[in-house]
Amino acid sequence: MKFVDEFRAPELIAKAGEEIRRLADPARHYRIMEVCGGHTHAIYRFGLKDLLPANVELIHGPGCPVCVLPMGRIDDGLSLAANPDFIFAAFGDMMRVPGTHGSPLEYKARGMDVRIVYSPADALKLARTNPTKHVMFFAIGFETTAPSTALTLKRAKAEGLPNFSVFCNHVTIIPAIRAILDSPDMRLDGFVGPGHVSTVIGCRPYDWIAMDEGKPVVVSGFEPLDILQSIVMLLRQLRKGEARVENQYKRVVPWEGNRAALRAMAEVFELRPYFEWRGLGFISQSALKIRASYAEWDAEQRFSVPGVRVTDPKAAQCGEVLKGVLKPAQCKLFGRECTPEQPVGALMVSSEGSCAAYYNYEHRKPVTIANAPSN
Amino acid sequence: MCLAIPGKIVELDSQNALHAVVDVVGVRRKVDLGLLQDEPPVPGDWVLIHVGFAMSKISEADAVDQMRTLTMLGEADAAMEEVRGYGLENDGQDSWGQGPQSGNRS
Ligand code: SF4
């Protein structure tokens with residue numbers, strides 16, 4: 001397993017760092033966005049910024065599903081589940097995300113039947129084993145997770161399971177990238193493309209970023225060397241004045257994506273005309289809704305949803321941080337009112353959120369590339 | 001991160017062709033193969049698992065690599081907690097984790 005040893009090798013990491021310094025034109029300032037929250041986490045965890053020259057800046061993108069979910073959706077989901085016959089089921093990383101009147105975890109403490117599930121299939125199982133209750137799965141995630149929800153809905157329909165529904169908050173990454181590129185205060189030179197989203201959608205959906213916007217995209221893995229190599233690949237293109245989509249994460253991401261997953265999504269979901277994103281506002285065709293043929297299993301079609309819109313607490317600057325306009329520590333609440341223990345914004349909850357990543361690794365500085373565990 | 005957990009297919013479910021038992025560092029759980037319909041895995045194959053669904057086939061070397069990535073990222077415990085949680089083995093009684101690192105990532 002030479003391959004694995006290579007990835008561990010600190011010399012290679014040092015080399016990649018050198019190559020980045022060699023490629024980066026000192027007369028330019030490079031702004032590279034890593035779209036995926038997993039990359040943001042890795043960048044802070046390994047202190048990768050310290051290996052980059054000052055003129056290669058990493059901007060954190062919108063790829064953290066709980067972070068971009070506006071508070072109103074959480075409130076809506078929780079208000080439906082206030083019915084005593086309901087079970088509110090969600091992934092663990094939803095549990096501490098604050099709604100206006102508390103997080104799902106706090107609602108649980110007040111007596112709501114809230115359950116962590118690790119798979120949407122397990123929410124279905126909960127419905128089977130609790131036939132007198134209605135189980136509502138609060139679905140979040142990008143294209144990585146949406147196909148699993150789609151298959152779960154297909155199973156529910158095939159079984160004719162009457163007491164199960166999905167409150168669908170699935171979003172799609174491409175329109176968010178477009179919104180960021182369209183926003184006037186954002187100048188970017190290239191993208192580190194998301195790893196696991198791309199196992200589903202493949203690399204083609206990024207073509208327009210290269211062809212129409214003239215910005216290179218490199219789909220990347222999550223190891224320190226993966227990310228550094230992706231930055232090298234981006235800088236090589238920029239130096240030659242090229243803009244292409246490249247796949248650094250070939251060992252996991254097929255160029256064409258996962259067709260079975262895309263079919264399942266297309267069968268069950270359609271695009272919403274628009275959807276609100278925290279920080280980015282309303283983005284057209286940026287989220288998935290459940291098709292009418294699955295209406296019986298769609299909490300929004302089956303029950304009446306209040307559809308509340310709430311603005312984030314005034315001092316919280318989650319929107320600016322999500323857009324990459326502010327760095328986490330520049331938020332007035334960072335590390336004071338807002339900490340991972342007492343999060344005000346969702347970016348402080350998820351390990352993919354840039355505020356939590358910054359707080360845990362940059363603020364406390366426990367791990368750097370030099371002393372990272374090597375097993 | 002969208003946790004993607006490597007596992008080895010040890011057994012296909014004779015009752016349900018879309019289910020298989022995977023082994024993730026010694027922990028065995030059932031996962032759904034519905035997303036790999038176009039190239040159904042067989043026992044011995046390695047897959048990446050996300051929220052209880054196998055989402056891609058990978059090589060053994062890449063599986064080892066992925067597990068190490070999770071360890072390096074400090075996500076290995078969360079990954080194992082997620083795998084142990086599949087199938088609601090403890091009868092739907094979820095284990096309330098310790099803070100923001102617990103539970104799976106979407
Ligand atoms: S520190 Fe808290 S309030 Fe400020 S941007 Fe981050 S998550 Fe939002």
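Mentor: One thing to keep in mind is that this is a predicted model. In chain A, if we take the contacts between residues at least 6 apart in sequence, 76% of them join residues at least 24 apart.

Trainee: OK, and what does the secondary structure of chain A come to?
Mentor: Chain A has 16 helices and 13 strands. Its radius of gyration is 21 Å, close to the 21 Å that the globule rule gives for 375 residues, so chain A is as compact as a globular protein of that length.

Trainee: How much of chain A is buried?
Mentor: Of the 375 residues in chain A, 63% are buried, and the C-alpha trace spans about 65 × 45 × 45 Å along its principal axes.

Trainee: Switching to the ligand, which residues surround it?
Mentor: Among them are Cys318(A), Cys331(A), Cys338(A) and Cys355(A), together with Leu333(A), Phe334(A) and Met348(A). The shell around the ligand divides into 10 nonpolar residues and 2 polar ones, with no charged residue.

Trainee: And what space does the ligand take?
Mentor: The ligand takes up the space of the largest cavity.

Trainee: Now chain B: where is Val24(B), and is it buried or exposed?
Mentor: Val24(B) lies in strand β2, which covers residues 19–24 of chain B, and it counts as buried because its relative accessibility is 0%.

Trainee: What is it in contact with?
Mentor: Leaving aside neighbours within four places in sequence, Val24(B) is in contact with Ile5(B), Pro6(B), Gly7(B), Ile49(B), Met80(B) and Val83(B). The C-alpha atoms of Val24(B) and Ala79(B) are separated by 9.5 Å, although these residues are 55 apart along the chain.

Definitions and conventions
Residues are numbered from 1 along each chain as its sequence is written. Chains are lettered from A and ligands numbered from 1 in the order in which they are written. This is a predicted model: local features need pLDDT of at least 70, side-chain atom pairs count only at pLDDT 80 or more; totals for chains, interfaces and linings use all residues. Side-chain values use heavy atoms; hydrogens and water are left out. A residue is near a molecule or strand if one of its heavy atoms lies within 4 Å of it. On a 1 Å grid over the protein atoms alone, a cavity is a set of points where a 1.4 Å probe fits but cannot get out, and a pocket is an open set with protein on both sides within 12 Å along at least five of seven lines; lining residues have an atom within 4 Å of a point. A molecule sits in a cavity or pocket if more than half of its atoms lie within 2 Å of its grid points. Ala, Val, Leu, Ile, Met, Phe, Trp, Tyr, Cys and Pro count as nonpolar, Asp, Glu, Lys and Arg as charged, and the others, Gly among them, as polar. Helices (H or I, at least four residues) and strands (E, at least two) are DSSP runs, numbered from the N terminus. The radius of gyration is taken over C-alpha atoms; the globule rule is 2.2 Å times the number of residues to the power 0.38. Buried means under 20% relative accessible area, exposed over 50%, partly exposed in between (1.4 Å probe, protein chains only). Contact means heavy atoms within 4.5 Å.
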